[in-house]
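Subject: Structure handover

Hello,

Here is the structure we discussed. Please load it first, then read the notes below.

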Amino acid sequence: MSDLRELYQEVILDHGKNPRNFGPLPEANREAHGHNPLCGDKIALHVVLDGDLVQDVKFEGAGCAISMASASLMTTILKGKTEAEARALFEQFHDLLTSNEEASLDQLEALDKLAVFSGVRDYPLRVKCATLGWHTLNAALDETGETVVTE
Amino acid sequence: MSFAIDGAHPHDVGTILDHEGIAVRAGHHCAQPVMDRFGVPATTRASFGLHSDYDDVDTLVSGIKLVQEIFG
């Protein structure tokens with residue numbers, strides 16, 4: 001039970017149930033879709049990119065608590081970040097989820113509120129849930145125009 | 001037996017039941033049209049095997065209660 005609570009922290013349950021920045025964003029100039037066919041998780045990500053700066057970001061979709069909470073927290077942390085900062089943050093976040101070693105205090109601090117996902121490391125099957133939003137973000141920034149599939 | 005629990009996505013249900021020692025299948029079960037028909041994103045499915053016994057059923061039930069507790 002204790003490590004389950006480590007995975008399903010209150011912040012994750014809250015964002016999973018009440019995702020922030022959820023809905024359409026008509027003025028978006030970058031869009032991408034992400035799909036996890038085995039789970040059925042789907043998200044659409046809308047970004048307003050002003051030069052190099054993420055000015056606004058919203059998402060829509062449906063999925064498990066981990067994927068919804070991750071996309072939700074991602075949108076709360078991205079505003080005001082540069083494209084390069086956003087990509088770097090995903091790399092750090094990905095490391096947090098997949099590294100064999102426990103994250104250092106510095107790493108956790110750099111990840112700020114994303115650190116609540118550290119429990120996902122013990123559930124390798126759920127890494128793709130926690131990264132769906134971020135992969136979709138990369139696709140939006142890359143302007144690939146393709147649906148991201150995380151399988 | 002496929003089932004859905006209010007407020008909890010089947011993949012979250014699967015992770016929690018797995019943690020409690022019950023292996024279930026969660027997802028579309030290669031039957032997306034049925035999921036659309038019932039208006040659910042996915043379902044959780046528990047099956048009996050030759051080795052299943054009463055204790056396993058009790059563990060499944062208490063695991064489902066734990067899901068409801070976490071997502072309640």
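A:Asn21 sits in the loop between helix H2 (10-17) and strand S1 (30-36) of chain A. Helices (H or I, at least four residues) and strands (E, at least two) are DSSP runs, numbered from the N terminus. A:Asn21 is not a glycine, yet has a positive phi of about 50°. A:Asn21 is partly exposed, with 19 other C-beta atoms within 10 Å. On that scale, a residue is buried with 20 or more other C-beta atoms within 10 Å of its own, exposed with 12 or fewer, and partly exposed in between; C-beta atoms are placed from the backbone.

Some ground rules. This is a predicted model: local features need pLDDT of at least 70, side-chain atom pairs count only at pLDDT 80 or more, and totals for chains, interfaces and linings use all residues. Residues are numbered from 1 along each chain as its sequence is written, while chains are lettered from A and ligands numbered from 1 in the order in which they are written.

B:His29, a residue other than glycine, has a positive phi near 55°. B:His29 lies in the loop between strand S2 (25-27) and helix H2 (32-38) of chain B. B:His29 is partly exposed, with 15 C-beta neighbours inside 10 Å.

Now the sheet in chain A. It is open, has 4 strands in the order S3-S2-S1-S4, and its pairing is mixed. Two strands pair if DSSP finds at least two bridges between them. The edge strands, S3 and strand S4 (148-149) of chain A, each pair on one side only. S2 (residues 41-50) and S3 (residues 53-62) of chain A run antiparallel, joined by 9 bridges. A:Lys42 stands opposite A:Ala62 in S3(A). A:His46 has A:Lys58 as its bridge partner in S3(A). The hairpin of S2(A) and S3(A) has 2 residues between the strands, and A:Gly51 takes a positive phi near 65° there.

Two helices lie across this sheet. Helix H6 (residues 127-142) of chain A lies across S1, S2, S3 and S4 of chain A, at about 150° to S1(A). Axes are lines fitted to C-alpha atoms, for helices over the stretch in contact, and angles run from 0 to 180 degrees between N-to-C directions. Contact means C-beta atoms, placed from the backbone, within 7 Å.

Last, the contact between the chains. It takes 13 residues from chain A and 12 residues from chain B. H1(B) gives the most to the side of chain B that touches chain A, with 5 residues.

Best wishes
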